[in-house]
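Please look over the sequence and the model below. A short report goes with them.

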Amino acid sequence: MSATTRRTRRTRRTAALLLGATLVTLTATACDSTGGPSVSTEAKQTAAASAPAATAPAAGAATSAPAKPADSKPAESKPAEAAKAPAKVGDTIALKSTLEKGNTADVTALKVVDPAQSTNEYLTAADGKHYVAVQFQIKPTGAKAYSEAPWSAAKVIDDQGQAYGPTLADTKAGPSFQTPTNIASGETGKGFVVFEVPNGTKLDKVQFSLDNGFADQVGQWKLG
């Protein structure tokens, strides 16, 4: 084999490797185009709240606007809209899946029961801990039904930033979600998710996400 042939083959192998590396980089960039994880704290506005108020003219009043005086001052610019308050218990947050485009849902944190008493006297929280039950309402809004395990999709966070995951327990606060929970698009389902937290813990937030808790978007409600 001549030196020229060997150099040609090395050049082709190098070009192939560079092309492969470029394709891998482009693929990784495309897969990372969703913007990454985010925490949603804005409550979904109802139609009544978001629609501007209409003022009807008085009976017999002229419909044309009066002429603007020549010496009137220009209207002052409105100050920037104040930051919206974070969602609280009772508010609804619109959530979306990371894995399935058609998987979206309106999720509402309805109620927090702290402490919550076990329905089984032999299955109670560990010494120095107690149960907290959070009731959620889920309404699928996309083309797909909700078919997940809600108990794995929620967590509570205390005022020190410590997060607590759910536990498989039933309490007298009310029925827990079934596993899996199946809710048709447009319908609603309710259930409690139970957490075991140390006594004296001051809970500050509750979170919920789709994809059994693995979606990039996380809904967050402020407690208290």
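## Model and conventions

This is a predicted model, in which local features need pLDDT of at least 70 and side-chain atom pairs count only at pLDDT 80 or more, while totals for chains, interfaces and linings use all residues. Residues are numbered from 1 along each chain as its sequence is written, and side-chain values use heavy atoms, with hydrogens and water left out.

## Overall fold

The chain has two helices and 12 strands. Helices (H or I, at least four residues) and strands (E, at least two) are DSSP runs, numbered from the N terminus. Along the sequence the pattern reads α-β-α-β-β-β-β-β-β-β-β-β-β-β.

Of the 224 residues, 29% count as buried. Buried means under 20% relative accessible area, exposed over 50%, and partly exposed in between (1.4 Å probe, protein chains only). Contact means heavy atoms within 4.5 Å. Among contacts between residues at least 6 apart in sequence, 71% join residues at least 24 apart.

Two strands pair if DSSP finds at least two bridges between them.

β1 pairs with β12 (residues 217–222) in the parallel sense, over three bridges. Here serine 40 stands opposite glycine 219 of β12.

## The antiparallel sheet

Another open sheet of five strands runs β2-β3-β4-β10-β8, with antiparallel pairing. β2 and β8 are its edge strands, and each pairs on one side only. Five bridges join β2 and β3 in the antiparallel sense. Threonine 92 stands opposite threonine 108 in β3.

Aspartate 91 is in the loop between α2 (47–50) and β2. With a relative accessibility of 18%, aspartate 91 counts as buried. Beyond its neighbours within four places in sequence, aspartate 91 contacts Ala43, Val107, Thr108, Ala109 and Trp221.

## Nonpolar cores

A nonpolar core is a set of buried Ala, Val, Leu, Ile, Met, Phe, Trp, Tyr and Cys residues joined through side-chain atoms within 4.5 Å. The largest core holds 28 residues. Phe136, Val156, Val206, Phe208 and Trp221 touch the most other members. At least two residues each come from β2 (92–96), β3 (104–116), β4 (129–140), β6 (154–158), β10 (189–198) and β11 (203–208). β4 gives the largest share, four residues.

A second, separate core has seven residues, among them Ala125, Ala133, Ala169 and Phe192.

What does valine 156 contact, leaving aside its neighbours within four places in sequence? The partners are Val134, Gln162, Ala163, Tyr164, Phe195, Val197, Leu203, Lys205 and Val206.

## Largest pocket

The largest pocket has a volume of about 240 Å³. A pocket is found on a 1 Å grid over the protein atoms alone: it is an open set of points where a 1.4 Å probe fits, with protein on both sides within 12 Å along at least five of seven lines, and lining residues have an atom within 4 Å of a point. Grid points are joined across faces, edges and corners, and the volume is the space filled by probe spheres set on the points.

The lining has 16 residues. Thr167, Leu168, Ala169, Asp170 and Ser176 lie nearest the centre. β10 supplies the largest share of the lining, three residues.

## Cis peptide bonds

Most residues other than glycine have a negative phi, and most peptide bonds are trans. A cis bond joins aspartate 114 and proline 115, with omega about 5 degrees. Proline 115 lies in strand β3.

The bond from threonine 179 to proline 180 is also cis, with omega near -5 degrees. Threonine 179 sits in the loop between β8 (166–167) and β9 (181–183). Threonine 179 counts as exposed, at 51% relative accessibility. The side chain of threonine 179 makes a polar contact with that of tryptophan 151 (3.3 Å). A polar contact is a pair of N or O atoms within 3.5 Å; within protein, one must be able to donate a hydrogen and the other to accept it, and residues adjacent in sequence count only if both atoms are side-chain atoms. Threonine 179 and alanine 149 are 30 residues apart in sequence, yet 5.3 Å apart in space, C-alpha to C-alpha.

## Positive phi

Aspartate 211 has a positive phi of about 60 degrees. Aspartate 211 is in the loop between β11 and β12, and counts as buried at 7% relative accessibility. Asparagine 212 lies in the loop between β11 and β12, with phi near 55 degrees. Asparagine 212 is partly exposed, at 29%.
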